[in-house]
Amino acid sequence: VNNLELKRLFRWRKAAMDIVEIDGSFLWLSGAIDAAERLLPTFRGPDGDHEGMVFLMGKVTGSTTLITTVIAPAAEHSWGRVMCDENAIAAVVAEGRERGLALVGQLHAHGGDSTVHSDGDDHLITMPFEGMLSLIAPHYGRVGLRPLSGLGVHQHCDGRWVLCDPASVAANLRELPEGIDLR
Ligand SMILES: [Zn+2]
C-alpha cells in the first residue's frame, strides 16, 4: 500500500490502525459470494439504500477456513449504520450450529468508497474473537464484491482490529468455484 492510498483509506478514521498480513487462508465458495451480493442490496428503507450486513459462516480446518454460507441477521439499519444486537447474533450462531457451521466473520457495507473500519466499527462488533474477519464492501455492496481484494479486510488479532495488507488478502482470501470445466 502506498502512502497516497493509505491516506485515502484512513481519511474517515481518527484512531490509528496497524496494517498486517492476514493470518490464515480463506476460501469463499462462489455461491456464498453471490448470496452476499444478493442480500446486501435488500437492506433498504423508504429513504433509499442502507448499510447492510451478513455473517460469514463456514468450516475451520487448521489454518484454512472454508466460507460456505452467509447469513443476513435481523438488524437495525440506516444509510449510515447497521447494527445487530446479541439476540440477533445468537440466532445466527444457532442457525449455523444446526448446519454444522461456525461463525468466522462478518461483512458490512459502507455507503461511500471507504472500506476501512470507522472508529465506531472497532467497538460495535459484538464478541469479536481471535482471527475473526470483518470485511467492508463499498457503495452499499451494490457494485459487487469481486475482486475480493477490493474489500476492506480486517482481522481481530491480539485483542484489537487490524487492517490486512491487500497483497496478503489477494493471496489468502480466494474465491472457490463450485464447478470447474477443463474442456
Ligand atoms: Zn462501518
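**View 1. Aspartate 158 sits in the loop between S11 and S12.** In this predicted model, aspartate 158 has a positive phi of about 50°, although it is not a glycine. Is this residue buried or exposed? With 64% relative accessibility, aspartate 158 counts as exposed.

**View 2. Tyrosine 140 belongs to the loop between S10 and S11.** Here is another residue to look at for its backbone angle. Tyrosine 140 is not a glycine, yet its phi is positive, near 55°. Its relative accessibility is 13%, so tyrosine 140 counts as buried.

**View 3. A cis peptide bond joins arginine 146 and proline 147.** The omega angle of this bond is about -5°. You will find proline 147 in the loop between strand S10 (133–137) and strand S11 (152–157).

**View 4. A zinc ion is held by donors from His108, His110 and Asp121.** Along the sequence, the spacing of the donor residues reads H-x1-H-x10-D. Histidine 110, in the loop between S9 and H4, and aspartate 121, in helix H4, are 11 residues apart, and the pair links distant parts of the chain. Both histidine 110 and aspartate 121 are buried.

**View 5. Aspartate 113 and arginine 11 meet in a salt bridge.** Side chains of opposite charge can pair when their charged atoms come close. For aspartate 113 and arginine 11, the N to O distance is 2.7 Å. Why does this pair tie together separate parts of the chain? Aspartate 113 lies in the loop between strand S9 (102–109) and helix H4 (121–124), while arginine 11 lies in the loop between helix H1 (3–9) and strand S1 (19–20), so the parts they join are 102 residues apart in sequence. Aspartate 113 is partly exposed, at 31% relative accessible area. Arginine 11 is partly exposed too, with 39% relative accessibility.

**View 6. The side chains of aspartate 122 and arginine 13 form a salt bridge.** Their N to O distance is 2.9 Å. Aspartate 122 is in helix H4 and arginine 13 in the loop between H1 and S1, 109 residues apart, and the pair links distant parts of the chain. Are these two partners buried or exposed? Aspartate 122 counts as buried at 19% relative accessibility, and arginine 13 counts as buried at 10%.

**View 7. Arginine 160 and aspartate 18 are joined by a salt bridge.** Here the N to O distance is 2.8 Å. Arginine 160 lies in strand S12 (residues 160–164) and aspartate 18 in the loop between H1 and S1, so this pair ties together parts that are 142 residues apart in sequence. Arginine 160 is partly exposed, with 34% relative accessibility, and aspartate 18 is partly exposed as well, with 41%. Elsewhere, salt bridges that share partners join Asp34, Glu37, Arg146 and Glu175 into one network. The structure holds 11 salt bridges.

**View 8. Isoleucine 89 lies in helix H3 (residues 86–98).** This residue is buried, with a relative accessible area of 6%. Which residues does isoleucine 89 contact, leaving aside its neighbours within four places in sequence? They are Phe55, Cys84, Leu103, Thr126 and Met127. Phenylalanine 55 is 34 residues away from isoleucine 89 along the chain, and their C-alpha atoms are separated by 8.9 Å.

**View 9. Stepping back, the chain has 5 helices and 13 strands.** Its C-alpha trace spans about 45 × 40 × 35 Å along the principal axes. The radius of gyration is 16 Å, which agrees with the value near 16 Å for a compact globule of 183 residues. Of those 183 residues, 45% count as buried. Among the contacts with a separation of 6 or more, 72% come from residues 24 or more positions apart. The chain exposes about 9,500 Å², and carbon and sulfur atoms supply 55% of that area.

How values were computed. Residues numbered from 1 in each chain as written. Predicted model: local features only at pLDDT ≥ 70, side-chain atom pairs only at ≥ 80, totals over all residues. Heavy atoms only, no water. Salt bridge = Lys/Arg side-chain N within 4 Å of Asp/Glu carboxyl O. Helix = DSSP H or I, 4+ residues; strand = E, 2+ residues; numbered from the N terminus. Buried < 20%, exposed > 50% of the residue type's maximum accessible area, 1.4 Å probe, protein only. Donors = N, O, S within 2.8 Å, 3.2 Å for Na, K, Ca; no water. Contact = heavy atoms within 4.5 Å. Rg over C-alpha atoms; globule rule 2.2 N^0.38 Å. Areas by Shrake-Rupley, 256 points an atom, 1.4 Å probe, with all protein chains shown as cover.
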